[in-house]
Amino acid sequence: MGMNVSRQVDLTENEFLQRFVGKNHVPAYDDDFWNNFLQYHISLPTNSQEQLSLDSRLETLCQSFISHNLLTGNFGSLVNVFLLKVSELLTLSDAESNVHIWHAFNALFIIRCLVKYMIETGSEYQLLQHFEALPVQPPDEGTDSSTGPSSADPNSTTIAIDARVVEETKAAVAKLVDGTKFETFLEALVNIIVVIPVKEFTYHLHLEAVNCMIILLSVSLFSQQAMEKSTIYRAIYRCQHANTLMSALLHFLSRMSQVPQTMFGFGTGGSFVFGIAESLWSILTFARKQPDILTAHDLPSAFREHYPLANQSLLLILILTNHHATKDNPYRVSLFGCCDSQDSPKDQPATFKIDFTALYNTLCRIVTIDQATLLLYLLLYRNQRFHKYVMAQQNLQQLVIPILQTLYNAPDSTSHHIYMSLIVLLILSEDDNFNKSVHLTMLKNVTWYTERSISEISLGGLLILVVIRTIQYNMLKMRDKYLHTNCLAALANMSGQFRQLHPYVAQRLVSLFETLAKKHARLDQQLKHPEANGGEADIAIPIGGPVTSEDMMQDLSVLEEVLRMVLEILNSCLSHQLVYCPNLVYTLLYKRNVFEAFRSHSAFQDIIQNIDMVVGFFSSRLQRVQDQRGELGVSEVLEVISKGASQWSSDRLRKFPDLKFKYVEEDAPEEFFIPYVWTLVCKAGCVHFSSETIKGVPTDIVC
């Protein structure tokens with residue numbers, strides 16, 4: 001399987017597992033059995049191969065469990081043992097609780113494995129049946145049973161019943177499925193997360209509780225019913241502790257505690273500090289590498305492997321907040337209503353308090369991870385207090401530069417991640433102070449930007465370069481109209497504050513228009529003379545048929561919208577910041593011919609007149625100086641432009657409305673975000689699912 005398992009033991013030969021999944025009822029008060037059964041050590045599977053190995057080794061046992069549990073009620077006994085362990089944990093001291101935590105973790109891990117199997121192979125109703133199932137008492141002596149009860153050991157609890165009793169039992173179990181036992185179990189999970197403090201020896205118990213909640217919520221992956229009808233979802237979404245649960249999960253993320261090298265005080269192969277013998281039913285120990293830092297080249301894997309509690313808590317936050325996005329969702333309200341622990345809000349009460357500084361710093365560290373970008377988006381867009389806090393930061397480059405790196409490395413990211421990164425930039429660009437500050441923040445030696453070596457550039461200049469590159473990448477690869485729109489909206493919001501643009505930035509801005517203009521000319525020619533091009537269109541060919549003239553007309557219309565926006569961005573800069581952008585004026589003078597074909601075009605001529613007026617003004621000044629001095633060098637041309645700019649009046653230009661774009665989430669956000677979130681859970685989480693039976697989410701999810 002591509003991994004090193006320390007001991008390949010056949011789990012089906014283990015007597016305790018056999019008894020648990022067999023025909024015998026094991027009561028919750030059988031301490032001897034449960035203490036032996038729960039005395040094992042496992043290193044959790046963290047990737048799909050390890051999960052597949054574990055699932056395959058448990059398959060036969062799980063099938064036996066499904067066959068017998070409705071009659072034995074052993075799952076209910078295990079849940080009761082787990083509930084008892086958790087209730088005792090809440091009253092024990094650290095010194096007393098180690099063994100309880102170890103046993104509670106092991107019980108919860110077995111519960112999680114069984115719940116996962118039942119969700120993937122059955123229905124939610126069947127799962128709840130197993131939660132509520134009670135043991136069937138064997139027939140009284142003398143009853144005519146198929147196994148001859150008169151000869152049975154009076155101390156045995158072996159189920160010996162006929163088919164009629166089985167059917168009656170199943171009917172009785174069906175009446176009991178009201179979710180009561182499940183809700184008690186759910187409350188215990190919440191108690192682990194929100195009440196028990198996270199320490200080195202409790203870390204894995206917290207992680208398992210979070211994982212178990214993710215497994216329970218994964219019922220939406222394997223069911224086509226609306227989640228409003230789901231008993232599990234109803235129980236989770238009417239939880240009275242949404243604020244404390246959301247607060248705990250966000251704290252797990254912001255603190256980003258590294259996974260301990262040992263579990264419960266013992267190593268993966270050593271003896272227990274408790275003086276307890278090693279596992280009685282095999283140990284699964286997967287080999288692990290132990291780097292202790294987040295590495296930039298493989299940040300998602302490092303985050304998942306070395307900060308699993310933070311990773312899983314982040315994914316659980318996203319699941320809880322994005323389901324029922326348009327309905328009453330206490331987790332959504334909680335996340336969007338929290339405030340900084342340093343604040344005392346007067347406008348309206350906060351749902352909970354958290355250290356925004358710690359949360360912000362953590363997000364800056366991991367924002368290149370898909371799920372971190374999504375959480376940042378939710379907080380910036382929906383939590384006004386967090387948005388205000390971020391916009392007041394003096395070190396915004398720590399947040400913006402990693403986002404730009406994500407966009408720069410677009411081929412390595414999903415289209416959703418690129419899209420959300422752009423939306424975050426768009427939301428930031430809605431703030432004028434942000435647009436001013438990015439041009440005052442100077443960066444030196446941006447080594448990851450390899451298009452051209454630039455020794456020094458402003459953050460704003462770098463932002464412009466990367467967004468332009470994203471537009472060009474989209475034109476070639478993705479061809480997404482909305483992505484174009486969001487890129488240009490961010491640039492448009494910033495354009496009135498463009499300052500001290502680097503010469504290369506000015507060149508790229510004008511070159512963007514030039515590239516689009518050439519594309520426009522080719523497409524226009526193809527429409528006018530399709531036979532001259534052999535029918536080959538300069539647009540994406542739709543699946544299932546040739547390109548039609550309607551397709552080409554639609555593409556031309558989109559292209560003209562984009563061209564218009566680029567012209568408006570140039571005009572906005574010239575109208576508001578001309579004196580501070582001599583390099584842009586220089587580039588416009590040098591490239592004046594690219595606007596020639598659009599001067600008579602009805603969609604562009606009004607705004608081209610402004611650009612022509614600026615170009616004409618500086619051309620005449622340069623001509624006069626050139627007549628006096630002869631040929632001018634670049635520095636001399638820039639000197640003339642700077643002097644001319646001080647005498648220029650923007651009143652000469654035709655007035656256009658200020659460019660202000662605001663991001664607004666579309667209706668029915670669940671249609672986009674729920675498949676996106678579950679894709680992230682499957683690809684980036686520590687819990688792995690069987691993709692073969694997924695049916696409740698679009699098929700782009702690959703586990």
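**Burial, helices and cavities**

Me: What percentage of the 703 residues of the protein chain count as buried?

Reply: The model is a predicted one. A residue is counted as buried when its relative accessible area is under 20%. Of the 703 residues in the protein chain, the share that counts as buried is 55%.

Me: How many helices and strands does the protein chain have?

Reply: The secondary structure of the protein chain includes 4 strands. Its helices come to 28.

Me: Are helices α15 and α17 roughly parallel or roughly perpendicular to each other?

Reply: Helix α15 covers residues 356-366 and helix α17 covers residues 384-391. Their axes come within 11 Å and cross at roughly 70°. Angles of 65 to 115 degrees count as roughly perpendicular. The two helices α15 and α17 are therefore roughly perpendicular.

Me: Which residues of α17 meet α15, and which class has 7 residues in this contact?

Reply: From α15, the residues taking part are Phe356, Thr357, Leu359, Tyr360 and Leu363. They meet Arg385, Phe386, Tyr389 and Val390 in α17. By class, the contact of α15 with α17 has 1 charged and 1 polar residue, and the class with 7 is nonpolar.

Me: Which residues of helix α6 are buried?

Reply: Helix α6 spans residues 124-132 and is mostly covered, with 7 of its 9 residues buried. The buried residues of α6 are Glu124, Leu127, Leu128, Gln129, His130, Phe131 and Glu132.

Me: What is the volume of the second largest cavity, and what lines it?

Reply: The structure holds 2 cavities of 30 Å³ or more. The lining of the second largest cavity consists of Val446, Tyr449, Arg452, Ile454, Ile457 and Leu462. This lining divides into 5 nonpolar residues, no polar residues and 1 charged residue. The volume of the second largest cavity is about 40 Å³.

Me: Is Met256 buried or exposed?

Reply: Met256 lies in the loop between α11 (242-255) and α12 (299-306). Its phi is near 45°, a positive value in a residue other than glycine. Most residues other than glycine have a negative phi. The relative accessibility of Met256 is 7%, so Met256 counts as buried.

Me: Is Gln500 buried or exposed?

Reply: Gln500 is placed in the loop between α22 (481-495) and α23 (503-528). Phi of Gln500 is near 45°, a positive value in a residue other than glycine. The cut-off for exposed is over 50% relative accessible area. At 53% relative accessibility, Gln500 therefore counts as exposed.

Conventions
Residues numbered from 1 in each chain as written. Predicted model: local features only at pLDDT ≥ 70, side-chain atom pairs only at ≥ 80, totals over all residues. Heavy atoms only, no water. Axes fitted to C-alpha atoms, helices over the stretch in contact; angles between N-to-C directions. Parallel < 35°, antiparallel > 145°, perpendicular 65-115°, else oblique. Contact = heavy atoms within 4.5 Å. Nonpolar A, V, L, I, M, F, W, Y, C, P; charged D, E, K, R; others polar. 1 Å grid on protein atoms, 1.4 Å probe; cavity = no way out; pocket = protein on both sides within 12 Å on 5 of 7 lines; lining within 4 Å. Points joined across faces, edges and corners; volume = space filled by probe spheres on them. Buried < 20%, exposed > 50% of the residue type's maximum accessible area, 1.4 Å probe, protein only.
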